[in-house]
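Hi,

Here is the structure I promised to pass on. My notes follow below it.

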Amino acid sequence: MNNNMKQYQHMGWKTLTLFFALCLAIAGTTSLSSCSSQDDPYYTVSEDDTPRILNTDLVDQNLNRVTPLNIEIKVTPRNYTKVTWLLNGTQIHEGFTINQLVPVGNHELKIVATTVKGLTTSRSIKVNVTPMADDPSIATDAKTRWLTIGKTKTVSCEHVTSISKLLIGDVEATNVSYADNKITFDVPSMAEGEYLVTLVDAQGTKWGCGLFTVSTEDYPDPGIKETTIWEGDVTINWGDSKVFIPAAEMADVPVGATVRLVYEMVDAEYHCMRVTNEDWSADIVAQFDLTESGAYEFEFTADSKAIADAKGMLVTGFGYKLTQVVIVEGVAPAENTLWEGSKDINWGDSNVFIPAADMAAVAAGSKIHVYYEMIDAEYHCMRITNEDWSSDIVAQFDITADTAIPYEFDYTADSKAIGDAKGMLVTGFGYKITKVTYSE
């Protein structure tokens, strides 16, 4: 009996030992499996493995200026991988976690994971940072945010009380000034591209104002487009001499566009214009009299298009020379009127003066438009100066039939210094002035 008891005890201990060994093996396997899970952000494999960013929560960020960008990146193989953070292509941080303020503006954030063997992967998100309600800010329209290298720029702003510097990227603009909620500066020579603009106030505080485009070209204003569809030198004489634009070319002209016919008067018994179709069966513009050289414009309506698309457009009449047919699409920039009336310009006896107080509203970088008509005179010229004729804004020049109407010029920082001090006087001889405007 004692032997039997010993045999059972031995078998029991053996069974328990095997059971505990099996439990340890299972526990060890489970533990190893847990440590090796590829869903674990701290999973580390070989330095030869391709890196992976494991985050499933990387989404575009919308922040205000005082809220930091706070993101943690989960990456494998963690022990062999470096994470860098690029804002609009410029590195701003290195590490698995970022927690920092980002300048005001719409940004692209690129997160790059690179292993010690040079293997790399990346993820990108948008980061939109808005200013606080009372932060200095600059207008956000595309035209304002287009900077042409070498030109004077004026931008509208809000909540600006002082300015000591304006930075375009890390390049400092020159001739910076602030007045009446407008900042004026010269765009420095620099590489073309997208740059953050930063204002620095008198206390040295920096205020991010978002991205601006820097270019060697002027702003390609989408608001207006002019296309010349015919150009020449034809003296119109009814059926003997006319200008015809085929239906195939008129098909590209949209309803709502403006058709501009540029012409000069010639010596003739009478002067008139008619715009019709190829066989004169339907008028686009009924016959009317002409009285002086210039440009006649009309709206290209749905009815006009139906006629032209079917049988083209024929410009005829008598007593004038046609030089251009232009299609104008869109809306020109708004013009602000400085002066309007009707005055024959005759040097000191008759000219148009706009006081300094009115010229103060015109920002450097604006365009001035002088509307005028030629009159009978021995000669024709224009000069734009100041009240006492001591400083010219535009030096005297001759007006001819080829001079554009209106006459336009850029109102530079130098022009503004003259106009703000002693106003702007439009003078000369041999023309009638009807309006002076400016557009920004």
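Predicted model: local features only at pLDDT ≥ 70, side-chain atom pairs only at ≥ 80, totals over all residues.

**Backbone notes**

Pro 406 sits in the loop between strand E30 (394-398) and strand E31 (407-411).

Another cis peptide bond links Thr 76 to Pro 77, with omega about -5°. Pro 77 is in the loop between strand E4 (75-76) and strand E5 (81-87). For context, most peptide bonds are trans.

Next, positive phi. Most residues other than glycine have a negative phi. Asp 180 is not a glycine, yet its phi is positive, about 50°. Asp 180 lies in the loop between strand E15 (174-179) and strand E16 (182-186). Asp 180 is exposed, at a relative accessible area of 62%.

Trp 280 is not a glycine either, and has a positive phi of about 60°. Its place is the loop between strand E22 (272-276) and strand E23 (285-289). Trp 280 is partly exposed, with a relative accessible area of 28%.

Last, a sheet. Five strands make up an open sheet with mixed pairing, in the order E11-E18-E17-E13-E14. Strand E11 (146-148) and strand E14 (171-172) are at the edges; each has a single partner strand, so one side of each has no neighbour in the sheet. E14 pairs with strand E13 (residues 165-168) in the antiparallel sense, over two bridges. Within E14, Glu 172 is the bridge partner of Leu 167.

Best wishes

Notes
Residues numbered from 1 in each chain as written. Heavy atoms only, no water. Pairing = 2+ DSSP bridges. Helix = DSSP H or I, 4+ residues; strand = E, 2+ residues; numbered from the N terminus. Buried < 20%, exposed > 50% of the residue type's maximum accessible area, 1.4 Å probe, protein only.
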